[in-house]
Amino acid sequence: MIRFLYLILLFTIFSPVSASAADRPNILFIFLDDFGWRDTSYMGSDFYETPNLDRLASEGMVFSDAYSCAANCAPARACLLSGQYTPRHEIYNVGTSPRGNAKHRKLEHIAGKDVLDPKIVTWAHQLQKAGYTTASMGKWHLSDDPIPYGFDINIGGTHSGSPPKGYYPPHKNVPGLKEAPQGEYLTDRLSDEAVKFIQKHKDKRWALYLTHFAVHTPLNAKKELVAKYKAKKTGKLHSHIAMATMIQSVDDGIGKIQATLETLGLVDNTVVVFFSDNGGYRRATDMKPLRGYKGTYYEGGIRVPFFVKWPGVVKSGTRSAEPVIGVDIYPTICEIGGASMPSSQPADGVSLVPLLNGSKKSFYKRPLYWHFPAYLQSSTGSKEQRDPLFRTRPCSIIRSGPWKLHQYFEDNQLELYNLKEDIGETHDLSSSKPEVTRQLLATLQQWQKTLGAPIPTRPNHKYDAEAEARAIKARSNTGNTKR
């Protein structure tokens with residue numbers, strides 16, 4: 001009898017599938033594009049409708065101070081997949097070419113890279129090693145194909161940052177989307193593919209990276225929903241009809257996926273993660289009271305909606321005001337899935353599981369960082385950006401506790417904001433709070449040094465100060481400066 005019990009104990013310890021491994025949840029990671037901080041009903045939209053997202057959020061933990069690692073697509077995604085800040089993987093912008101008029105750029109930008117180094121181990125690799133079947137469905141944007149980066153299945157993923165020829169077919173040369181019925185809406189198709197994947201792998205451990213193209217431009221309305229939103233009373237915050245139809249398509253698909261999980265009995269063993277790659281698109285949405293939008297490093301460009309639903313671990317209806325960031329997703333997903341972190345690869349984030357399970361309330365003013373040594377041009381003179389000509393110029397940012405410091409490399413200017421008292425970043429305190437400014441700058445510069453963050457210093461010989469001044473004056477006179 002003793003020998004028999006000893007053999008059972010050995011089998012339990014050394015079996016490749018232990019009881020804890022068998023209980024590991026499936027992971028549904030819903031990742032939207034250009035989806036603003038207030039674009040869901042649960043975050044306060046007064047026109048867009050998201051009942052399915054609202055329901056999932058109410059059943060999990062909502063993070064009010066969640067951030068993307070970048071204000072535009074490619075670098076945000078590279079940080080998310082690698083678990084590293086931009087100076088490590090060196091993807092700083094969409095593409096490597098200089099952006100904006102050369103006569104208006106004082107410095108030579110840091111080009112960086114436009115492909116995620118295939119030697120980087122992603123969280124998808126780690127989940128594969130832990131026995132998960134992994135799939136990427138939708139926008140990829142980091143190389144020609146997500147398969148080498150830890151995904152078993154790819155539908156829709158290429159190096160393109162925009163939907164293939166818009167949201168209606170044809171989608172030529174796009175994996176898994178080449179055959180599409182006339183009139184099929186791309187967001188609906190990706191949701192249907194997600195349902196089929198879940199049905200096919202219902203008896204296995206799976207991780208689905210549902211990375212919708214929505215709501216990135218072009219703003220192709222879902223035709224069947226246009227009349228509904230034309231007849232609906234506009235809100236004070238939101239009113240864009242095409243955007244409303246695009247958001248409803250996302251939400252309807254999530255409802256369909258949730259119904260599938262319920263039918264298959266998988267709801268209680270599926271973690272749902274919801275996140276966005278950066279702030280919303282200015283022409284179609286608004287993040288008020290936040291300042292800024294996609295492409296700016298004010299809050300509206302980098303603060304994003306984020307929630308986690310984890311049945312049996314996360315209490316329903318909980319909220320966290322802890323500042324968290326995209327690089328935290330990697331260790332969080334690995335811990336949820338029982339996967340190890342790669343020992344030889346630097347990781348810049350921390351697992352959010354202690355916040356999710358309630359064992360910790362805060363990381364105690366852990367600093368968050370952003371580094372953007374490039375340019376993003378602007379088509380408006382909005383006061384929500386620092387500069388009428390660029391959404392942002394080369395900069396680094398640090399947030400620590402309520403404090404947020406902007407460092408701009410062209411003019412060596414600093415901006416300091418207390419987000420607890422001034423979430424709209426309207427009152428620069430860098431002069432009135434010199435000690436806070438000095439301490440944050442020292443911390444930021446030490447971080448830059450530690451990571452080897454490249455600082456642009458080389459003058460751009462095409463720069464023309466007079467041409468820049470004329471352009472700023474002309475843009476300021478267009479009447480587009482109202483927030």
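# A walk through the predicted chain

Among contacts in the protein chain between residues at least 6 apart in sequence, 70% join residues at least 24 apart, where contact means heavy atoms within 4.5 Å. This is a predicted model, in which local features need pLDDT of at least 70 and side-chain atom pairs count only at pLDDT 80 or more, while totals for chains, interfaces and linings use all residues. Residues are numbered from 1 along each chain as its sequence is written, and side-chain values use heavy atoms, with hydrogens and water left out.

The overall dimensions come next. The C-alpha atoms of the protein chain fill a box of roughly 90 × 55 × 40 Å along the principal axes. The radius of gyration of the protein chain is 23 Å, which agrees with the value near 23 Å for a compact globule of 483 residues; this radius is taken over C-alpha atoms, and the globule rule is 2.2 Å times the number of residues to the power 0.38. The secondary structure comes to 14 helices and 16 strands. Helices (H or I, at least four residues) and strands (E, at least two) are DSSP runs, numbered from the N terminus.

Of the 483 residues, 58% count as buried. Buried means under 20% relative accessible area, exposed means over 50%, and partly exposed is in between, with a 1.4 Å probe and protein chains only. The protein chain exposes about 20,100 Å², and carbon and sulfur atoms supply 53% of that area; the areas come from the Shrake-Rupley method with a 1.4 Å probe, and for residues only the protein chains shown count as cover. There are 61 positive and 47 negative side chains, and the centres of the two sets lie 2 Å apart. Lys and Arg count as positive and Asp and Glu as negative, whereas His and the chain ends are not counted; the place of a charge is taken as NZ of Lys, CZ of Arg, CG of Asp or CD of Glu.

Helix α4 covers residues 73-82, and ten of its ten residues are buried. Among them are Cys73, Arg77, Cys79 and Ser82. The buried residues of α4 pack against β1, α5, α6, β6, β7 (270-276) and α11 (329-336). Just after α4, Gly83 takes a positive phi of about 75°.

Helix α7, residues 186-200, has 15 residues and reaches 21 Å from its first C-alpha to its last, close to the 21 Å expected at 1.5 Å a residue; the expected span is 1.5 Å times one less than the number of residues. Eleven of the 15 residues of α7 are buried, including Leu186, Thr187, Leu190, Ser191 and Phe197. The buried residues of α7 pack against β4 (133-138), β5 (153-155), β6 (206-211) and α9 (241-263).

Several loops deserve a look as well. His212 is found in the loop between β6 and α8 (226-230). His212 has a relative accessible area of 0%, so the residue counts as buried. Leaving aside neighbours within four places in sequence, His212 is in contact with residues including Thr187, Leu190 and Ser191, as well as Phe31, Met137 and Val250. Thr40, in the loop between β1 (26-32) and α3 (51-58), is also buried, with a relative accessible area of 0%. Beyond residues up to four places away in sequence, Thr40 touches Phe35, Ser45, Thr50, Leu53, Asp54 and Phe274.

The loop between α5 (86-89) and α6 (123-129) holds Gly112, and Glu90 has its place in the loop between α5 and α6. Gly112 is partly exposed, with a relative accessible area of 32%, and Glu90 counts as partly exposed at 32% relative accessibility. Gly112 touches Glu90, Tyr92 and Thr96, not counting residues up to four places away in sequence. Gly112 and His89 are 23 residues apart in sequence and 8.7 Å apart in space, C-alpha to C-alpha.

Some backbone angles remain. Glu90 has a phi near 70°, a positive value in a residue other than glycine. Tyr364 is a residue other than glycine with a positive phi, near 55°. Tyr364 lies in the loop between α12 (353-356) and β11 (368-372) and counts as exposed at 66% relative accessibility. A cis peptide bond joins Pro169 and Pro170, with omega about 15°; Pro170 is in the loop between β5 and α7. A cis peptide bond also joins Lys288 and Pro289, with omega about 15°, and Pro289 lies in the loop between β7 and α10 (299-302).
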